[in-house]
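Please look through the sequence and the model shown below before reading on. The paragraphs that follow go from the whole chain to a few single residues.

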Amino acid sequence: ATIMLNNKVLDAVKQTGTSIQLDTQLCQRNEGLLGNYLLTDKVDALTICSKAHNGSVAELLDTVRHEAVHVAQACNGDRPIFKLSTLLPHIGQTKLNFIRETYKPEDHHHEIEAFTVAADQTDAYVIELIEEHCYEQG
């Protein structure tokens with residue numbers, strides 16, 4: 001999990017005041033969980049379950065980007081950044097089915113965005129989203 005120590009996306013996430021947690025009890029309780037972002041009155045935490053990635057660095061970095069998109073969404077008033085019509089052409093039917101089976105309907109747009117951006121965009125792009133939506137425009 002050394003990769004997590006010098007990850008620029010996670011650095012950008014930390015600068016928003018979000019705490020980064022690695023391999024917590026949440027990971028142990030939910031087999032197959034890759035990551036999680038939770039924002040409540042009491043908690044602002046991004047969790048990465050590194051062991052669930054079976055040693056795949058590419059998958060791990062994809063998860064970091066995915067969860068970081070949720071941070072940008074939270075800064076955007078807990079709203080997705082892109083229209084569904086913009087995102088849908090970029091997501092395959094298999095992933096769409098997975099989202100529909102796994103997440104609550106009200107989370108579908110958020111998840112489609114997080115999966116699409118994580119898969120198609122670079123770390124630098126995700127960092128830009130965070131900077132654009134989490135910091136006041138001077």
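**From the whole fold to single residues**

Of the 138 residues of the protein, 40% count as buried, where buried means under 20% relative accessible area, exposed means over 50%, and partly exposed lies in between, with a 1.4 Å probe and protein chains only. This is a predicted model, in which local features need pLDDT of at least 70 and side-chain atom pairs count only at pLDDT 80 or more, while totals for chains, interfaces and linings use all residues. Residues are numbered from 1 along each chain as its sequence is written, and side-chain values use heavy atoms, with hydrogens and water left out.

The protein is built from 7 helices and 3 strands, which are DSSP runs numbered from the N terminus (helices: H or I, at least four residues; strands: E, at least two). Along the sequence these elements follow the pattern α-β-α-β-β-α-α-α-α-α. The C-alpha trace spans about 40 × 35 × 30 Å along its principal axes. Of the contacts with a separation of 6 or more, 63% come from residues 24 or more positions apart, a contact being heavy atoms within 4.5 Å.

Two of the strands can be followed as a pair, since two strands pair if DSSP finds at least two bridges between them. Strand S2 (residues 35-39) and strand S3 (residues 44-48) run antiparallel and are joined by 5 bridges, and a hairpin of 4 residues leads from S2 to S3. Within this pairing, Tyr37 has Leu46 in S3 as its bridge partner.

Where does Gln73 sit, and is it buried or exposed? Gln73 belongs to helix H3 (residues 57-75), and it counts as buried because its relative accessible area is 1%. Apart from its neighbours within four places in sequence, Gln73 is in contact with Asp78, Arg79, Pro80, Ile81, His110, Glu113 and Ala114.

Asp78, one of those contacts of Gln73, lies in the loop between H3 and helix H4 (84-87). Its phi is near 60°, a positive value in a residue other than glycine, and Asp78 counts as exposed because its relative accessibility is 52%. Another aspartate with a positive phi is Asp23, where the angle is near 50°. Asp23 lies in the loop between strand S1 (19-22) and helix H2 (25-29), and at 21% relative accessibility it counts as partly exposed.
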